[in-house]
Amino acid sequence: MKRTFICLLSVALLLVAGTVGARAAGTEITAPGTGSVSLQPDIATVNGVVETTAETADDAISQNNAIYGRIVAALERLSIARSDITLAYYNVGYNPRPQPMPPNPTGERYGYTVSRSFSVKVKKIGDAGRVSDACMSSGATSINGVTFGLSDPTVAREQATAKAVAEARANAAAIAQAAGLRVVGIKSIELGGGPYAPGPVPMMRAAANAPTQFDQSNVNVTVSLSVVFLAEP
């Protein structure tokens, strides 16, 4: 009799465990969410390029180093720290002169070409135009763009994440209600897309020989995610 009671109790426990497991699993609802925070930038990055071409690699490198040295000196006079001027790309290439030369040259450069791109972090955001002008007047070949951003996007990213989760929960709740269910928990959360997306930055000159000015468009910090919710009747 005792053995029979133990067997019945074991079967009852297994049935209860199976019921709890099925209830815990619930119905899965996958819902997307996106949150965005728009803030004024507090830092700028100027991206410049220096290219030099010569018959020998040594001459091309020497000329490139000299120009870059003048750019760094000019930026330091604008109170840009040396640590805020960083190398982004450096390449030495060779384009041999064809023999014989074509009768109508197209202006293509022959010999060794040194390409150097660099980035300048501008902590006084209003000086971005002066930094761009200083690079060009010191010998930079081109400015490859100026971007505005946030020196510390942590708080903005947290706010955007909270908005994204709230939107995903609202979407899941709407789906659950339509299906006669209610959201009871979260199974998983997956981040998707980039959390940081600065807007475009147009460049303007007021008049000839006037300092460059930039429109400081807002920075959008965006977080996209996908949440798997659990729902029950």
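Biologist: Is Val92 buried, partly exposed or exposed, and what is its relative accessible area?

Modeller: This is a predicted model, so read every value as computed from it. Buried means under 20% relative accessible area, and exposed means over 50%. Val92 has a relative accessible area of 38%, so it is partly exposed.

Biologist: Where does Val92 sit, and which residues form a nonpolar patch with it?

Modeller: Val92 belongs to strand S3. Leu87, Tyr90 and Val92 make up a nonpolar patch on the surface.

Biologist: How do strands of a sheet pair?

Modeller: They pair through backbone hydrogen bonds, in either a parallel or an antiparallel way. Here, 4 strands build an open sheet, ordered S3-S4-S2-S5, with antiparallel pairing. Its edge strands are S3 (85–95) and S5 (142–149), and each of them pairs on one side only. On average, neighbouring strands of this sheet are turned by 15 degrees against each other, direction ignored.

Biologist: How many bridges join S3 and S4?

Modeller: S3 and S4 (residues 111–122) pair over 10 bridges, in the antiparallel sense.

Biologist: Why is H3 described as largely enclosed by the rest of the structure?

Modeller: Count its buried residues. In H3, 7 of the 10 residues are buried, so the helix is largely enclosed by the rest of the structure. The buried residues are Ala128, Gly129, Val131, Ser132, Asp133, Ala134 and Cys135.

Biologist: Now the whole chain. What pattern does the protein follow along the sequence?

Modeller: There are 4 helices and 10 strands. Along the sequence, the pattern reads α-β-β-α-β-β-α-β-α-β-β-β-β-β.

Biologist: How much of the protein is buried, and what is its accessible surface?

Modeller: Of the 233 residues, 30% count as buried. The accessible surface is about 14000 Å², and 57% of that belongs to carbon and sulfur atoms. For contacts between residues at least 6 apart in sequence, 80% join residues at least 24 apart.

How values were computed. Residues are numbered from 1 along each chain as its sequence is written. This is a predicted model: local features need pLDDT of at least 70, side-chain atom pairs count only at pLDDT 80 or more; totals for chains, interfaces and linings use all residues. Side-chain values use heavy atoms; hydrogens and water are left out. Helices (H or I, at least four residues) and strands (E, at least two) are DSSP runs, numbered from the N terminus. Buried means under 20% relative accessible area, exposed over 50%, partly exposed in between (1.4 Å probe, protein chains only). Contact means heavy atoms within 4.5 Å. Accessible areas come from the Shrake-Rupley method with a 1.4 Å probe; for residues, only the protein chains shown count as cover. Two strands pair if DSSP finds at least two bridges between them. Axes are lines fitted to C-alpha atoms, for helices over the stretch in contact, and angles run from 0 to 180 degrees between N-to-C directions. Patches are made of residues with over 30% relative accessible area and no salt bridge: like charges are joined within 9 Å, nonpolar side chains (Val, Leu, Ile, Met, Phe, Trp, Tyr) within 5 Å. A salt bridge is a side-chain nitrogen of Lys or Arg within 4 Å of a carboxyl oxygen of Asp or Glu.
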